[in-house]
Amino acid sequence: MKSFSQEVSLGLSKKNKTLSSKWFYDFHGSKLFEKITKLEEYYPARTEIKILNDNKIEIANKIGKNAVLIEPGAGDIKKIEIFLSSLDKPKKYVPLDISKDYIIKISQGFKKKFPKVAITPKGYDFSENNKLPFKINSSENVIIFFPGSTIGNFEKKDAVKFLKMLKFKFKAKKIIIGADLVKNISTLISAYDDKKGITAKFNKNILKRINTELGGDINLNNYKHVAIYNKSKKRIEMRLRAKKNNSFNINNSKYLIKKNEEIHTENSHKYTIRSFKNLTNEAGWKIKKTWVDDKKLFSVHFLDLAK
Ligand SMILES: C[S@@+](CC[C@H](N)C(=O)[O-])C[C@H]1O[C@@H](n2cnc3c(N)ncnc32)[C@H](O)[C@@H]1O
């Protein structure tokens with residue numbers, strides 16, 4: 001597994017500079033993401049919450065008895081709450097997140113709300129082939145909850161790999177997953193480039209972390225947050241664009257960045273119902289049910305193992 005430092009030095013040494021979006025999320029980054037989910041422009045969060053609320057009984061029935069719920073990239077764990085109390089004797093809930101301090105902190109209040117469910121938050125990076133930080137009994141009713149359109153952050157081939165891993169490593173029997181839908185470009189762009197500039201702060205948090213954790217001296221004011229829609233790949237791309245020629249040091253290495261050069265920090269792929277079905281089928285899953293809001297902005301899917 002590569003460390004933050006190794007990934008930064010690799011990513012910034014390439015011709016087309018990249019950093020993984022997973023590095024947005026330290027405690028501060030997770031707080032900023034929480035703020036993003038409440039923004040007027042950020043339709044995905046409120047739309048997915050409405051879909052889950054409107055269909056919580058059906059979802060609970062599909063999940064069944066004695067569920068062991070695992071949520072990779074759980075964030076503020078607001079969405080599981082929508083149907084947790086409708087479930088029939090849920091056994092365990094395991095929120096996992098790369099932002100370890102945040103997930104531990106946010107789970108404290110949650111444990112008080114659901115005293116009968118064993119809640120065991122863990123720091124875990126799902127992008128690497130890391131050992132699971134808990135034991136799974138393959139005879140259990142293991143349900144993966146993966147909302148927030150986090151699947152969109154993966155390149156397509158990595159999304160397939162991830163969905164396969166849920167089956168083989170997590171022993172998942174069913175998955176409830178949120179996928180953002182293809183739509184008009186202006187709605188998409190404003191969701192990733194809000195008027196208050198919270199998403200810009202979130203994007204720049206990666207540079208802030210380089211400064212504080214790796215001893216970098218990047219001047220954040222030299223960079224502009226950019227969100228563009230890549231039509232051929234059907235994805236929003238977030239980048240940090242240099243406003244002028246500049247240089248900085250990290251760990252005794254000097255980096256020279258030219259004016260308008262960009263660091264690509266996040267992809268957020270958008271799906272159609274059909275393209276999402278193809279993706280899940282390729283990974284050995286079958287969509288049993290799809291819920292979509294009235295405006296067809298967002299989709300939630302219930303997946304079962306393809307037999
Ligand atoms: C788009 S947010 C979604 C959060 C939450 N699930 C929701 O629906 O609001 C992505 C979440 O995944 C976490 N995350 C990102 N990359 C990760 C990784 N490689 N391993 C574990 N968690 C990751 C982030 O910390 C963040 O909480």
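Author: Contact here means that heavy atoms lie within 4.5 Å, and the structure under discussion is a predicted model. By that criterion, and leaving aside neighbours within four places in sequence, I287 is in contact with F276, K277, T280, H301, F302 and L303.

Reader: Why is I287 called partly exposed?

Author: The relative accessible area of I287 is 21%; since buried means under 20% and exposed means over 50%, a value in between is called partly exposed. I287 belongs to strand β13, and its C-alpha atom is separated by 27 Å from that of I185, a residue 102 places away along the chain.

Reader: What makes the pair K289 and E58 a salt bridge?

Author: The side chains of K289 and E58 meet at 3.1 Å, N to O, and the criterion asks for a side-chain nitrogen of Lys or Arg within 4 Å of a carboxyl oxygen of Asp or Glu, so the pair qualifies. Because K289 lies in strand β13 and E58 in helix α4 (residues 56–63), the pair ties together parts that are 231 residues apart in sequence. K289 is partly exposed at 28% relative accessible area, and E58 is likewise partly exposed at 28%.

Reader: How do you know that D88 forms a salt bridge with K89?

Author: The closest N and O atoms of D88 and K89 are 3.8 Å apart, and the cut-off is 4 Å, so the pair is counted. D88 is partly exposed, with a relative accessible area of 36%, whereas K89 has 56% and is exposed. A search of the whole structure finds 23 salt bridges, and a network of them links E155, R235, E237, R239, R241 and E262.

Reader: Why are R209 and E213 separated by about one helical turn?

Author: They are 4 residues apart in helix α9, which means a separation of about one helical turn. An α-helix has 3.6 residues a turn, so residues three or four places apart point the same way. The side chains of R209 and E213 meet in a salt bridge at 2.8 Å, N to O. R209 is buried, because its relative accessible area is 9% and buried means under 20%, while E213, at 42%, counts as partly exposed.

Reader: What is the nearest side chain of opposite charge to K204, and how far away is it?

Author: That side chain is D193, which is 11 Å away; a salt bridge needs a nitrogen and an oxygen within 4 Å, and K204, although buried, has no salt bridge. K204 sits in helix α9 (residues 198–214) and, not counting residues up to four places away in sequence, touches L220, N221, Y223 and L240.

Reader: Which residues form the positive surface patch, and why does R274 count as exposed?

Author: The patch is formed by R274, K277, K286 and K288, with α10 (273–282) and β13 (285–292) each supplying at least two of its residues. R274, which lies in helix α10, has 65% relative accessibility, and exposed means over 50%, so the term applies.

Reader: How do you know that N252 is exposed, and what is said of its phi?

Author: N252 has a relative accessible area of 81%, and exposed means over 50%, so N252 is called exposed. Its phi is positive, at about 70°, although N252 is not a glycine, and its place is in the loop between β10 (246–250) and β11 (253–257). K234 also has a positive phi, near 50°; this residue lies in the loop between β8 (223–230) and β9 (235–242) and, at 37% relative accessibility, counts as partly exposed.

How values were computed. Residues numbered from 1 in each chain as written. Predicted model: local features only at pLDDT ≥ 70, side-chain atom pairs only at ≥ 80, totals over all residues. Heavy atoms only, no water. Patch = residues over 30% accessible without salt bridge, like charges linked within 9 Å, V, L, I, M, F, W, Y side chains within 5 Å. Areas by Shrake-Rupley, 256 points an atom, 1.4 Å probe, with all protein chains shown as cover. Lys, Arg positive; Asp, Glu negative; His and termini not counted. Charge placed at Lys NZ, Arg CZ, Asp CG, Glu CD. Buried < 20%, exposed > 50% of the residue type's maximum accessible area, 1.4 Å probe, protein only.
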